2 protein chains.
Amino acid sequence: MFSLSEENYLKAIFHLERKYAGGVSTNALAEEMETKASSVTDMVKKLSDKDLVKYRKYQGVQLSEQGKRTAIEVIRKHRLWEVFLVEKLNFSWDEVHDIAEQLEHIKSEKLTDELDKFLGHPKRDPHGDPIPDAEGNFRISNKMLLADLEEGQSGICVGVKDSSTEFLRYLDKNEITLGKAIKIVQREEYDESLLIKINDKDLRISKTISKNLFIKPND
Amino acid sequence: MFSLSEENYLKAIFHLERKYAGGVSTNALAEEMETKASSVTDMVKKLSDKDLVKYRKYQGVQLSEQGKRTAIEVIRKHRLWEVFLVEKLNFSWDEVHDIAEQLEHIKSEKLTDELDKFLGHPKRDPHGDPIPDAEGNFRISNKMLLADLEEGQSGICVGVKDSSTEFLRYLDKNEITLGKAIKIVQREEYDESLLIKINDKDLRISKTISKNLFIKPND
DNA sequence: AATAAGATTTAGACTAGGCTAAATATTGTT
DNA sequence: AACAATATTTAGCCTAGTCTAAATCTTATT
Ligand SMILES: [Mn+2]
Ligand SMILES: [Mn+2]
Ligand SMILES: [Mn+2]
Ligand SMILES: [Mn+2]
């Protein structure tokens, strides 16, 4: 059984490994964990002693098989609790992340599996992120950032990269929700803003927005 | 916001105050918390600095108003989560306590209140203990220990004093569940065992059992 | 009223998880 | 190849919460 802090580090390393496959640097991890590089070095040594990560001084860190399994288990719990809060307790999608940050550390395999069953084995959390099953299997979907689509392309809004309250409230305000069809009407190269069609209306969105919205492109 | 450890101390003091109204002693608290007296002294000083308890050296400790409010809030959460686990996730009453010990420390007033609503504002947890409402109001019922009833008296089984898995499984095995009618057929003075009628059958139970079962006597 | 037993507090130490400042390694640029 | 900038680690310190052993207070018994 691992501590809350250890679990949070493993989760952060897991997420950063997408971007830094060859090893997650101390500074990258420090930024993600909102802590100092020296604290990261200390913790990474502890994780290494427990064989949760592979660590070579100055060379960054990578999850071991056990570390990866643990990280995925925490992510599974986080996302299941988010679904619970939204589906059963009337929370909106911008309110659930911080509470899930607490609930993801509750230790009981039976609780996790019963919760999963109670929720009907959901495949995605309220922000469109996939929920690993009890064996830790993810299904990865072919999603792209809206910012990377071409003029004229269209697709379905399937997820958000930034789960902050602020961003989610912006989306709510503009009636951008998961499942909606989106088409790129025009790209403005100067500021990289986009004119999109959604809800049968034209809407101009900035680069900041398009870089944080995942789209499953049509065809 | 208080730490997990502080919350557990407050809860323990709250429970012990029933028994030791004039002040909870360091040793009593140490036993309840399964820790050492010296650790209790340290923590009690911290709680006192935060005005959660009134503490006079060598004289024991009492909850302040704020301490009491906090303790009741934790107990409310503990019992609501126990109801959730039993009612919604198919847990049995002997499996929920340890998980509720974790869940009771999740910090979100909205979560607690939405959970309460979702469960239909339950009045008692799976062990018959009353659940405080959002304002911290308990309803106390006139329950007695089965051991304190007289020969010939009867009543309804309404709660357990010991919530351990072992005791609850003993009750399950003997089909003693909350809501059942119980009558004392005969008291054996030698070993203080009781012959009771329950489920239309006679059953002999030891003093250990009768001292841990709450009955609401008839009339 | 004195004293012994028991309860409680204090002193000093330890671990987990942080931080700052200083030292050292790596890397990019001349 | 040398040097400067940047990244990383180390050293030393801090707090929360725990422990053991020693000191001190309270209480029960003579
Ligand atoms: Mn989240
Ligand atoms: Mn977390
Ligand atoms: Mn309980
Ligand atoms: Mn607890």
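This is a predicted model: local features need pLDDT of at least 70, side-chain atom pairs count only at pLDDT 80 or more; totals for chains, interfaces and linings use all residues.
# Sheet, helices and metal sites

Visitor: In what order do the six strands of the open sheet of chain B stand?
Guide: Strands (E, at least two residues) and helices (H or I, at least four) are DSSP runs numbered from the N terminus, and two strands pair if DSSP finds at least two bridges between them. Strands of a sheet pair through backbone hydrogen bonds, either parallel or antiparallel. In this open sheet the pairing is antiparallel, and the order in chain B is E3-E8-E4-E5-E6-E7.

Visitor: Which are the edge strands of chain B?
Guide: An edge strand pairs on one side only. In chain B this applies to strand E3 (144-145) and strand E7 (201-205).

Visitor: What angle does the direction of helix H7 of chain B make with that of E4(B)?
Guide: Helix H7 (residues 165-173) of chain B packs on the sheet and touches strand E4 (154-160), E7 and strand E8 (213-217) of chain B. Contact here means heavy atoms within 4.5 Å. Axes are lines fitted to C-alpha atoms, for helices over the stretch in contact, and angles run from 0 to 180 degrees between N-to-C directions. For H7 and E4(B) the angle is about 145°.

Visitor: How many residues of E6(B) are buried?
Guide: A residue is buried under 20% relative accessible area, exposed over 50%, and partly exposed in between (1.4 Å probe, protein chains only). E6(B) is mostly covered: of its six residues, the buried ones number five.

Visitor: Which residue in the turn between E5(B) and E6(B) has a positive phi?
Guide: Strand E5 (residues 181-188) of chain B is joined to E6(B) by five bridges, and the two run antiparallel. In this pairing B:Arg187 stands opposite B:Leu194. The two strands form a hairpin with four residues between them, and the turn residue with a positive phi of about 60° is B:Glu192.

Visitor: Which residue takes a positive phi in the hairpin of E6(B) and E7(B)?
Guide: Across these two strands, B:Lys197 stands opposite B:Asp202. Their hairpin has two residues between the strands, and the residue with a positive phi near 55° is B:Asn199.

Visitor: At what angle do the axes of helix H1 and helix H4 of chain A cross?
Guide: Two packed helices are described by the angle between their axes and the distance between the axes. The axes of helix H1 (residues 4-19) and helix H4 (residues 65-87) of chain A come within 8 Å and cross at roughly 95°. Angles under 35 degrees count as roughly parallel, over 145 as roughly antiparallel, 65 to 115 as roughly perpendicular and the rest as oblique. H1(A) is therefore roughly perpendicular to H4(A), given a crossing angle of roughly 95°.

Visitor: Which protein donors does the manganese ion (ligand 4) have?
Guide: Donors are N, O and S atoms within 2.8 Å of the metal (3.2 Å for Na, K and Ca); water is not among the atoms, so sites may look incomplete. In sequence the donor residues of ligand 4 are spaced N-x92-E-x2-E-H. Lying 1.8 to 2.6 Å from the ion, they are B:Asn8 (OD1), B:Glu101 (OE), B:Glu104 (OE) and B:His105 (NE2).

Visitor: How many residues apart are B:Asn8 and B:Glu101?
Guide: B:Asn8 is in helix H1 (residues 4-19) of chain B and B:Glu101 in helix H5 (residues 97-103) of chain B. B:Asn8 counts as buried because its relative accessibility is 17%, whereas B:Glu101, at 24%, is partly exposed. The pair links distant parts of the chain, with a separation in residues of 93.

Visitor: What is the relative accessibility of A:His105?
Guide: A:His105 (NE2) coordinates the manganese ion (ligand 2) together with A:Asn8 (OD1), A:Glu101 (OE) and A:Glu104 (OE), at 1.7 to 2.6 Å. A:Glu101 is partly exposed, with a relative accessible area of 24%. A:His105 counts as buried, because its relative accessibility is 7%.

Visitor: What rotation superposes chain B on chain A?
Guide: Copies are superposed by least squares on the C-alpha atoms of residues with pLDDT of at least 70 in both. The shift along the axis is 0.0 Å, the RMSD is 0.0 Å, and the rotation is 180°.

Notes: Residues are numbered from 1 along each chain as its sequence is written. Chains are lettered from A and ligands numbered from 1 in the order in which they are written. Side-chain values use heavy atoms; hydrogens and water are left out.
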